Amino acid sequence: MKLSREEVKHLALLVRLGLSEDEIERLREQLSNILENFEILQQVDTTDVPPTAHCIALENVLRDDQSGPSLAPEEVLSNAPNREEQYFRVRAVLEQ
Amino acid sequence: MEHETIIGLEVHTQLLTRSKMFCRCSADYASAPPNSHVCPVCLGMPGVLPTINRKAIEYAVMTALALQCRIPEFTKFDRKNYPYPDLMKGYQISQYDAPIGVQGWMLTETAGEQRRVNIKRVHLEEDVAKLIHRTDSVGESYSLIDVNRAGVPLMEIVTEPDLRSPEEARQFLMKLRTILQYLGVSTGNMEEGSFRCDANVSIRPEGSADTLAKVEVKNMNSFKAVYRALEFEASRQRKVAAERGRLYQETRGWADDKGVTQPQRSKEYAQDYRYFPEPDLPPLTLSPAWVDELRASLPGLPEARRDQFASRYALPEYDARLLAGSKALADYFGECMKAYHGPAPEKRAKTVSNWLLGEFARWINAEGMEIHQSRVTPPQLVELVEMCEQNALTGPAAKAVFEEMFRTGHPPREIAARLGLTQISDLSAVEAAVKAAIAANAQAVVDFRAGKQQSLTFLVGQVMKATRGRANPGVVTEILRRELETG
């Protein structure tokens, strides 16, 4: 299945990526390729196989409700491109 | 044409766990400095692995059980993708097609009429970071992010559109909050944002199955705001329909200061969350044994507590319902009764209830306090009640003592002694005060002798005033009558 340019642009908008015309074309190729590979996988007969979202059959991996130490705020903010006081600072985003 | 109002609610409530939903950061961030309860997991750093908090699952199952939900054995978490800076990872871990509980219900009572409100689902997700909007010196707006709240367990409870009036919606919410408080899973504090509510409101011609446009109302931060916002929105829609205008499916925000709902700017594209199963979290099996264990651990809920108060202490239905309507108040009442060991507990129960629903509630409300912050302890309140029963305090004096107890937390006997409010037991002192009142109010005496009964009440009041409420009103009346009739 080939993705359309419009579909690529829609995806880019959803993840907030600005793409050049060249990049749209290149990603259209690559994403279409991934989809085509899944089309091949879909030919496998899975009639008697229960569906799963995981490849390892784990379940009920739970943690007791105990709190532990957090990072120091300075460490939390150490990668921030922009900060103010002890906060991350970002451009205003349209409120929902 | 008559229209009926159709309301569905979506409640989000933070769970009272020690740690966050998927990491070990403390979930108690209320008074913490910004970004101090944050780790690589809730910060959304690459390569980290979330782990599910067992307690959060148990709290959600307990809530679902209390709401009569079915608990499917299979449940799992999903990713909900959307770009907003309050999400550190670019997605929220939530539940999509396999929630913890489904198909529940709760009875709600409005103006004596009981109705069943169906619960569509109860699911778990993580709370998001807090944004603070600011404007810089050149008028450019920007946002500050505090990640402390991100990752706090958040439970979502969704009703079917079964509510038929704003008052019913308010009653439902208050009852739901009480249930959560009884379960001990949430503080249910709406003003602090640990208990939030959005609503879907629409109208339809009476008897018709087709609603007109469904409007989502957000930003209601108190029970009163929910009521007012829904009242406004329902009548707005009726007005548009009456004028043959068109209603749109939209999201509107409640502006509390203006008392109106306003259209919220919506994103320019349709919501496209691209849900998919969370790859980092294996699914869960809620075994019948585990669910039964949680069912057995459920505490008595408001209705059970109300019935218990009514039967055990012979309290009137009205008192029992009000006391049980708040877990904190019900617990306080229970402590008071525990502090009393004498005979006839039902007589005592009614007196204690009168104090709790009267002066105690009045002072708590006036000071904007929570019941657990009260400086008056249950044994102290019981002591005050006993002093009244032993006639050591008159009614007005007891109120004055209570006020001082409420302010200082000191025991009632000490306060009564300090303020000189203990009842005058010396009869000659009362007689002297009566004689003084008769001498000072000649006209009232004449009126009484002419048959005006109110004059007696007036004179009793004068004596009470002169003794600063320390005389027993019954004794005062008796002596007054005697003096007036013989004098």
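Q: Let's start with one residue. In which helix is A:Arg28 found?

A: This is a predicted model, so take everything here as computed from it. A:Arg28 sits in helix α2 of chain A, which covers residues 21–41.

Q: And what does A:Arg28 touch, leaving out residues up to four places away in sequence?

A: The partners are A:Lys2, A:Leu3, A:Ser4, A:Arg5 and A:Val8.

Q: On to helix pairs. What describes two packed helices?

A: You quote the angle between the two axes and the distance between the axes.

Q: Which residues make the contact between α6(B) and α7(B)?

A: From α6(B) come B:Leu322, B:Leu323 and B:Ala324, while α7(B) brings B:Leu329, B:Ala330 and B:Phe333. By class, that contact has six nonpolar residues, with no polar and no charged ones.

Q: How do α12(B) and α14(B) cross, and at roughly what angle?

A: Helix α12 of chain B (residues 427–440) and helix α14 of chain B (residues 454–466) have axes that come within 9 Å, crossing at roughly 125 degrees. That makes the pair oblique. As for handedness, α12(B) passes α14(B) in a right-handed crossing. The touching residues are B:Ala433, B:Val434 and B:Ala437 on α12(B), against B:Leu459, B:Gln462 and B:Val463 on α14(B). Sorted by class, this contact of α12(B) with α14(B) holds five nonpolar residues, one polar and no charged.

Q: Which hand does the crossing of α13(B) with α14(B) have, left or right?

A: Left-handed. The axes of α13(B), residues 442–449, and α14(B) come within 8 Å and cross at roughly 145 degrees. In α13(B), B:Ala444, B:Val445, B:Asp447 and B:Phe448 meet B:Ser455, B:Leu456, B:Phe458 and B:Leu459 of α14(B). That contact splits into six nonpolar residues, one polar and one charged.

Q: Last topic, empty space. What shows where it is left?

A: Picture rolling a probe the size of a water molecule over the atoms; that shows where empty space remains. Here, the second largest pocket holds about 800 Å³. It has 34 lining residues, and those closest to its centre are A:Val90, B:Tyr84, B:Pro85, B:Leu87 and B:Met88.

Q: Which elements give two or more residues to the lining of that second largest pocket?

A: Those are α3 (73–76) and β3 (87–91), both of chain A. The most comes from β3(A), which gives four residues to the lining.

Q: And how do the residues of that lining divide by class?

A: The lining of the second largest pocket has 22 nonpolar residues, six polar and six charged.

Conventions
Residues numbered from 1 in each chain as written. Chains lettered and ligands numbered in written order. Predicted model: local features only at pLDDT ≥ 70, side-chain atom pairs only at ≥ 80, totals over all residues. Heavy atoms only, no water. 1 Å grid on protein atoms, 1.4 Å probe; cavity = no way out; pocket = protein on both sides within 12 Å on 5 of 7 lines; lining within 4 Å. Points joined across faces, edges and corners; volume = space filled by probe spheres on them. Nonpolar A, V, L, I, M, F, W, Y, C, P; charged D, E, K, R; others polar. Axes fitted to C-alpha atoms, helices over the stretch in contact; angles between N-to-C directions. Parallel < 35°, antiparallel > 145°, perpendicular 65-115°, else oblique. Left-handed = near helix turned anticlockwise from the far one by under 90°. Contact = heavy atoms within 4.5 Å.
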